[in-house]
Amino acid sequence: MIDAMPRPRLPHLQREVTRHGKTNWYVRIDRGPRIRIKHDYGTPEFMGAYRAAVSGETPTTATVDSKSIRWLIDEYRKSRAWAQLSGATRRQRENIFRHVLDAIGSKPFAGLTKSHVESALDKRAETPFAAKNLLQALRHLFTWAEKRELVARNPTDGVEIARPATDGFPAWTEAEIAKFEAFWPIGTRERLAQAIFLFTGLRRGDAAILGRQHITNGVISLKTEKTNTAVIIPVLPELQAIIDASPTGDLTFLSGPSGKKFSKEGLGNWFREVCDAAGVKKSAHGLRKAAATRLANNGATVAQLEAIFGWTGGNMASLYTRTADRTRLAADAIKMLAKPQIENVYSLTQDKVRELRPKK
């Protein structure tokens, strides 16, 4: 489980990401040979192979009870249902399942009830997003298991959780954008990252892999990591000028000081640090929101926003267009609250009084 890496990392364990974005794990002691571990990080098979590589022994295969939750999750990972999830969702759920396996991996999955699920959600009452993500992961797992006739009932049926009342990551203001740009001038990696987030609206995972290979005739074309939706984004002259003036990696525009590409998490953490240095307490995702806000305020339609940001269904894009429309309507309507001319009102009132007086 890549995102569940302990800190500090296991001794002698090395992580390597290929140019295709695949993560490989190796054990290397001092300057000895590298031994590749071919199992998913955090699984019993992975840990067995890791211990064997460190000790120089032949790895043993752990026996997993076919009635246990561990066995069910292992089988689920081999399914079409799992393969159809985006890479980002799989990584998130690997992290969730790691905690599930640590707590109840040896328990029989047939014994998991709705009451158990509700209890687990109650324990996460202070972290509503964690509760929501846990419920989604378990629901997908047991929906698959029910279709495979491995369980008679889905323990998540009838379990609901309210959407956390939050607007998520706050959008950058125009003043914050200007402050960042004044601190990090054109020609720095920091300004390049900000420009890519702002002028493309890409998420961290997509910005981390963006490179010249994704641009043809001045147009960015790629499928988003989260939803696998194709996005088409013309490169603005401002963005192109910043790319041309900035240090870039070989296969990606954004890279670390050593030239190595960022992981999604690494890019997000690094960018938050450079924001802090500039005195801007915001995130990369907040720039995505700032980009959507700019577009909507300048009259972009729902369809246009969806083409750029990879949204579907109209709901997300409508949030921005409705806000922009309300702002414009309020600006026009507020003039009607202007104080009327008192003299004119008084004059009209006196005229009306004279009209109503009985004539002699």
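Two strands are said to pair if DSSP finds at least two bridges between them, and strands (E, at least two residues) and helices (H or I, at least four) are DSSP runs numbered from the N terminus. The legends below describe a predicted model, in which local features need pLDDT of at least 70 and side-chain atom pairs count only at pLDDT 80 or more, while totals for chains, interfaces and linings use all residues. Residues are numbered from 1 along each chain as its sequence is written, and side-chain values use heavy atoms, with hydrogens and water left out.

**Figure 1. Overview of the protein chain.** The secondary structure comprises 15 helices and six strands. Of the 360 residues, 38% are buried, where buried means under 20% relative accessible area, exposed over 50%, and partly exposed in between (1.4 Å probe, protein chains only). The accessible surface amounts to about 21,600 Å², and carbon and sulfur atoms hold 53% of that surface; such areas come from the Shrake-Rupley method with a 1.4 Å probe, and for residues only the protein chains shown count as cover. A contact means heavy atoms within 4.5 Å. Among contacts with a separation of 6 or more, 58% are made by residues 24 or more positions apart.

**Figure 2. The open sheet E1-E2-E3.** Three strands lie in the order E1-E2-E3, with antiparallel pairing. Because E1 and E3 stand at the edges with a single partner strand each, one side of each has no neighbour in the sheet. Direction ignored, neighbouring strands are turned by 35 degrees against each other on average; the axes behind such angles are lines fitted to C-alpha atoms, for helices over the stretch in contact, and angles run from 0 to 180 degrees between N-to-C directions. E1 and E2 run antiparallel and are joined by five bridges. Gln 14 has Tyr 26 in E2 as its bridge partner.

Figure 3. Helix H1 covers residues 44-55. Its 12 residues reach 16 Å from the first C-alpha to the last, close to the expected 16 Å; the expected span is 1.5 Å times one less than the number of residues. The buried residues of H1 are Phe 46, Gly 48, Ala 49, Tyr 50, Ala 52 and Ala 53. These buried residues pack against E1 (13-17), E2 (23-27) and E3 (35-37). Just after the helix, Gly 56 adopts a positive phi of about 80 degrees.

**Figure 4. The nonpolar cores.** A nonpolar core is a set of buried Ala, Val, Leu, Ile, Met, Phe, Trp, Tyr and Cys residues joined through side-chain atoms within 4.5 Å. The largest core has 45 residues, and those with the most contacts inside it are Trp 172, Phe 180, Ile 196, Phe 197, Leu 267 and Phe 271. Helix H8 (residues 189-200) gives the most to this core, contributing seven residues. A second, separate core has 27 residues, among them Ile 69, Val 100, Leu 112 and Ala 131. Leaving aside residues up to four places away in sequence, Phe 197 touches Leu 202, Arg 203, Arg 204, Ala 207, Leu 267, Phe 271, Ala 284 and Leu 287.

**Figure 5. The open sheet E4-E5-E6.** This sheet has three strands in the order E4-E5-E6, paired in the antiparallel sense. E4 and E6 are the edge strands, each pairing on one side only. Two bridges connect E4 (residues 215-216) with E5, and Ile 215 stands opposite Ile 220 in E5. The hairpin of E4 and E5 has two residues between the strands, and Asn 217 takes a positive phi near 50 degrees there. E5 is joined to E6 (residues 230-234) by five bridges. Val 219 stands opposite Pro 234 in E6, and Leu 222 has Val 231 as its bridge partner in that strand. Six residues separate E5 and E6 in their hairpin, where Asn 228 in the turn has a positive phi of about 60 degrees.

Figure 6. Asp 206 belongs to helix H9 (residues 204-209) and counts as buried because its relative accessibility is 3%. Not counting residues up to four places away in sequence, Asp 206 touches Leu 222, Lys 223, Thr 224 and Glu 225. Asp 206 and Thr 224 lie 18 residues apart in sequence and 6.1 Å apart in space, C-alpha to C-alpha.
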